[in-house]
Amino acid sequence: MEIYINIFIMFCMFVMGSLFGSFFSLATYRIPRHQDIVKTRSYCPNCKHRLEFFDLIPILSFIIRGGKCKYCKEKISLRYPLLEITNGVVFLVFYFIFGYTLNLFLICITYAILFVLIGSRLMSKKMTDEEKIEVQELKLSSKKGVFVIELVVALIIFTVYVASALIIVRNSTKKGAELIARGNAITVAVSAMEQALSKTYDELYSSSSSSTGSNNIIYDVTTDVTKYSDIDLTKKDLVKIIQVNVKYMYNGNSYDFTLKTLKGKEI
Ligand SMILES: [Zn+2]
């Protein structure tokens with residue numbers, strides 16, 4: 001169970017990282033060109049065809065389309081899927097190092113800002129002369145401020161996105177771990193009950209306690225045996241009550257689970 005949850009989180013981190021890589025390879029392309037990075041949908045740099053939702057899935061869309069634009073069949077630079085994979089891996093590594101902590105969130109934001117700043121600088125060197133002139137004209141027509149505001153808006157959106165994604169995954173793992181702890185408590189209780197029931201009526205007496213540990217949680221098991229009735233003249237209901245109680249601490253809270261069964265004497 002836990003291994004599946006872990007694989008699920010790692011998958012989420014990789015997807016988040018590759019989505020991030022996809023968005024910021026777009027940002028580093030558009031920012032030096034003073035183009036909007038929030039409102040305008042992605043387009044093919046060759047034929048300028050707007051990309052549909054399925055064309056935007058990181059890595060997969062590149063593989064499915066055989067590395068070519070769906071519309072003009074022009075080859076798409078390997079840079080895009082490589083950036084997506086790299087960022088997926090980077091996010092995974094961050095997760096391995098920091099776990100689900102505030103540090104993970106901070107390192108992702110810092111990485112994002114550095115990525116955009118350095119990436120935009122590098123990408124601005126790859127602009128054609130025509131594009132450079134266009135940018136100069138844009139600067140003269142005082143559209144400069146728009147770009148800064150958009151960068152800030154994009155970073156705010158990205159921050160909210162990473163924060164909410166982390167909160168969702170964190171809550172689901174918390175819930176998952178809580179359920180695992182509960183499931184283990186039930187297993188411990190059932191096996192203690194099975195042990196008690198394997199004894200005969202006469203062997204069953206008094207109480208016993210023991211502890212077992214699993215996943216850093218200590219389960220305290222108490223098996224209580226009490227007589228339900230032994231003063232029945234027909235002697236048909238000589239019955240003992242077996243009660244198994246499992247107590248454990250999880251995240252500073254104490255929980256318990258109780259199983260109750262009756263065992264009668266064979267006459
Ligand atoms: Zn195209």
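In this predicted model, the side chains of Asp55 and Lys70 meet in a salt bridge, with an N to O distance of 3.6 Å. The pair links distant parts of the chain, since Asp55 belongs to the loop between α1 and α2 whereas Lys70 belongs to the loop between α2 and α3, 15 residues apart.

A search of the whole structure finds four salt bridges. Among them is the contact between the side chains of Arg33 and Glu131, at 3.0 Å from N to O. This pair, too, links distant parts of the chain, with Arg33 in the loop between α1 (2-30) and α2 (60-64) and Glu131 in helix α5 (residues 129-140), 98 residues apart. Arg33 counts as buried, with a relative accessibility of 9%. Another salt bridge is formed by Glu178 and Lys175, whose closest N and O atoms are 3.6 Å apart. Because Glu178 and Lys175 are three residues apart in helix α6 (residues 144-197), about one helical turn separates them. Both residues of this pair are partly exposed, Glu178 at a relative accessible area of 28% and Lys175 at 48%.

With regard to the overall architecture, the chain contains six helices and four strands, which follow one another along the sequence in the pattern α-α-α-α-α-α-β-β-β-β. The chain is divided into domain 1 (2-141) and domain 2 (191-264), and the C-alpha centres of domain 1 and domain 2 lie 59 Å apart. The C-alpha trace spans about 105 × 35 × 25 Å along its principal axes, and the radius of gyration of the chain is 31 Å, whereas a compact globule of 267 residues would have a value near 18 Å. Of the 267 residues in the chain, 36% are buried.

On the surface, a nonpolar patch is formed by Ile85, Val89, Val93, Phe96 and Ile97, which together have about 450 Å² of accessible area. Ile85 is found in helix α3 (residues 79-98) and is partly exposed, with a relative accessible area of 34%.

The count of disulfides comes to zero. The sulfur of Cys12 is 13 Å from the closest cysteine sulfur, that of Cys108, and is therefore too far for a bond. Cys12 counts as buried at 17% relative accessibility, whereas Cys47 is partly exposed, with a relative accessible area of 30%.

Technical notes
Residues numbered from 1 in each chain as written. Predicted model: local features only at pLDDT ≥ 70, side-chain atom pairs only at ≥ 80, totals over all residues. Heavy atoms only, no water. Patch = residues over 30% accessible without salt bridge, like charges linked within 9 Å, V, L, I, M, F, W, Y side chains within 5 Å. Areas by Shrake-Rupley, 256 points an atom, 1.4 Å probe, with all protein chains shown as cover. Helix = DSSP H or I, 4+ residues; strand = E, 2+ residues; numbered from the N terminus. Buried < 20%, exposed > 50% of the residue type's maximum accessible area, 1.4 Å probe, protein only. Disulfide = S-S within 2.5 Å. Domains from an automatic or database assignment. Rg over C-alpha atoms; globule rule 2.2 N^0.38 Å.
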